[in-house]
Each structure stands twice: as structure tokens, then as C-alpha cells.
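Let's take a walk through a protein model together, one stop at a time. Keep the picture open and follow along as we go.

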Amino acid sequence: MINLQDIRDTARDLLASGEVRAVIGFRSGSRGMAAEPAFITRPEEADELVWDPTCFHNLALYLVEDRKFQAHARANPAAPIAVVAKGCDARAIVVLLQEHYFKRDQVYIIGVSCEGSGVLDERKLAGHLNGFPATSAAFDGDDFVFVTAQGEQRLPAREVMAERCLECREPYPREHNVVLGENRSGRELALPFAALTRFEAQSPAERWEFWQRHFERCIRCYACRSVCPMCFCDECVVDSITYPVTAETTAEEKANRVRWIERSATRSENITYHMTRAMHLAGRCVDCGECERVCPVNIPLRLLNNKMEREARERFGYEPGASIGGPSLVASFRDDDPGQFIR
């Protein structure tokens, strides 16, 4: 079991020695029990860090944001930035390193193993608490412990853990500078791709009806894109509002720009948006599940990304985020790659 004090001491020592310029971790949220991302820059702030089942966010996203901030400020800090990384966070960092978004010596990874646990699924928890909101959550062995107005409630972690964590095969952050916790890679809380397998047991007609119904509800808020560390492009091909505009850009130039999809949130445009995004994430998505968690209308987006992940694994033996020096899925070719689709 992870000792929170070890995370705090590690952050404090790194900041005190000047080895890093900041630490990205989690602190208690300002609303409810959910932890929120935190940038700390002073050793005395280390005691603000927390580690509990509500540490949902993939903090690799904030490395991307920091990189963009430094680029806009034309800054080139000498010291790296440190980040507290779960197994999926560390795999996301590896993908970003593969794509040369930043260099390895620019990030210090404080790996924290999820061991036999993971993060909470708030929707599952709501079904157990009978409408009473929890004010805090904590790890305790194989259980999660919650505090509500009715007192303390202990639940088996497996009953309220996020599906992505139940299916996770690599809860240990292999890429790290320092790591806390045991390596329990290969744990089998649930079979890999279990949710996808259940979904694909339906007929093609049932699956098509399922997706049509969900894409009809998409409001195209782009929360799924905003929370994803892999969606770092300044210009997004499926969002014309991100195209750069300067004082010299004419109205004709704006009007003649290619729009691959319209901004209206109709079903057909939503399908194109989500299919394009899924393809963009092929071989890059590390199944952190954040896109699905933040969706305000509860579209099960993880199924789309899981489909691409399983195809990459079964057809090409490819695991996203497994190796910094390894080739990326779509930028490499082997003579023995399956080519039945080529006609």
C-alpha cells in the first residue's frame, strides 16, 4: 500500500534540492471529495499532495500544457518538471516521448504503482450510497473507505473501481525516475477488453443502433479532446475554430478553408468527429479512460478506443506506451504485417 508521506517527501526533497522546478501531483479538491491536479513549486507545499481513489486525471496532460506555456513564453527552463504518474499516466508520457513532444531529461517521473487497486467510478459509487454524497475517499487494502453524512462506509474496491482499472494489465509505471509501490503487472481483476467483448457480443444491427443513439446525444463540447494528453495539436482537423487567424487573414481565406466536418452537433457530423478522433488515437491511446469520464452525456467513448487498441495488439503485437525507443504504430511497417486489407 502506498504511503502518502513517501510521495510528499519525494516532492519536498526534489524541490528543496532544485532538482526540479515544479511537481505536478494531486491535492484535495475545492468541491466535493475529488482530488484535483496541483502544481507545487515550494518544498513547504509538498504536504498539500494527496493520493486516494479520486486521483482520476491523467497528469501527462499537464506536461503538455506546461510545454505549450514554455513555448509561448519562449522559455527554456534548465530544470525538468516532475510529475506523479500512475501506470497509465507513465504510458502516456512514453507516447509523448516517442513523438518527441518533449525530451526525457525535461521530465522527472515520480511513478506510483496502483498495485491491486485503481481509481473510483463515481457512477458506480452513487449506486451504493443511496444518494448521500461522499466527502472523502481512501485506499485501505482491497477496500475503498468513504465518509458520508451517515458515517464511514467501506466497500470492496472491485465493486466501485473504474472499468479501465479493472481491465488494466500494467498498473505499474515502468518508465520512471523513482517509483513507489509494488509491481503487480499482469494482475487480472477483470479480463482485458472485457467491456468491449461484452459489447461485441451484440449483432451488427444492435451495435449500429447503439452508436447512432449515443452520437445523436453528443453536444460536441470537446471535453473528450481537452482532457486527452494525446490531443495536443494547436490546429484540430475536426474543429475549424482552432485554425489560426491573424490580422492579415481575409474573409475570403476564412471562407475557403477546408472544413472536414461542420460544427453543428448533428448525428452525422458527430460520427465523423468521433471516428476521426479514434483513428488519430490508434496506437497512441493508453486507455486512461479520461475521455469517457468527463463526457457530460455519458457516451461510452472508451469502447471506440479499446477497439483500436485491441486491433493493434492482436494484428501487430503493438502496445501503446511500452517503449520510448520503439516505433510508433502508424509510422512503421514490417514485411510480415497483415495486408489483407490492401487490394
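**A walk through the model**

Let's start with Arg187. Leaving aside its neighbours within four places in sequence, Arg187 is in contact (heavy atoms within 4.5 Å) with Cys114, Glu115, Gly116, Ser117, Cys165, Cys168 and Pro171. Before we go on, a word on where all this comes from: this is a predicted model, where local features need pLDDT of at least 70 and side-chain atom pairs count only at pLDDT 80 or more, while totals for chains, interfaces and linings use all residues. Residues are numbered from 1 along each chain as its sequence is written, and side-chain values use heavy atoms, with hydrogens and water left out.

Where does Arg187 sit? You'll find Arg187 in the loop between strand 8 (178-180) and helix 7 (194-200). Helices (H or I, at least four residues) and strands (E, at least two) are DSSP runs, numbered from the N terminus. Arg187 is buried but has no salt bridge, and the nearest side chain of opposite charge, Glu115, is 8.5 Å away. Here buried means under 20% relative accessible area, exposed means over 50%, and partly exposed is in between (1.4 Å probe, protein chains only). As for charge, Lys and Arg count as positive and Asp and Glu as negative, with His and the chain ends not counted. The backbone of Glu115 is another story: its oxygen lies 2.6 Å from a polar atom of the Arg187 side chain.

Now for the salt bridges themselves. Side chains of opposite charge can pair when their charged atoms come close. A salt bridge is a side-chain nitrogen of Lys or Arg within 4 Å of a carboxyl oxygen of Asp or Glu, and this structure holds 29 of them.

Take Arg12 and Asp9, whose closest N and O atoms are 2.8 Å apart in their salt bridge. Why are these two separated by about one helical turn? Because they are 3 residues apart in helix 1 (residues 4-17). Arg12 counts as partly exposed because its relative accessibility is 22%, and Asp9 is partly exposed too, with a relative accessible area of 28%.

Next, Arg27 forms a salt bridge with Glu48, with the closest N and O atoms 4.0 Å apart. Arg27 lies in strand 1 (residues 23-27) and Glu48 in the loop between strand 2 (36-40) and helix 2 (60-72), so this pair ties together parts that are 21 residues apart in sequence. Arg27 is partly exposed at 31% relative accessibility, and Glu48 is partly exposed at 36%.

Glu309 and Arg169 also form a salt bridge, the closest N and O atoms being 3.5 Å apart. This pair links distant parts of the chain, 140 residues apart: Glu309 is in helix 13 (residues 302-316), and Arg169 is in the loop between helix 6 (163-166) and strand 8. Glu309 counts as buried, at 9% relative accessibility, whereas Arg169 is partly exposed at 22%. Elsewhere, salt bridges that share partners join Glu200, Lys307, Arg310, Glu311 and Arg315 into one network.

Our last stop is Arg267, in helix 11. Arg267 is partly exposed, with 35% relative accessibility. Not counting residues up to four places away in sequence, Arg267 touches Gln212, Phe215 and Glu216. Its C-alpha atom and that of Pro338, 71 residues apart along the chain, are separated by 33 Å.

Key: A polar contact is a pair of N or O atoms within 3.5 Å; within protein, one must be able to donate a hydrogen and the other to accept it, and residues adjacent in sequence count only if both atoms are side-chain atoms.
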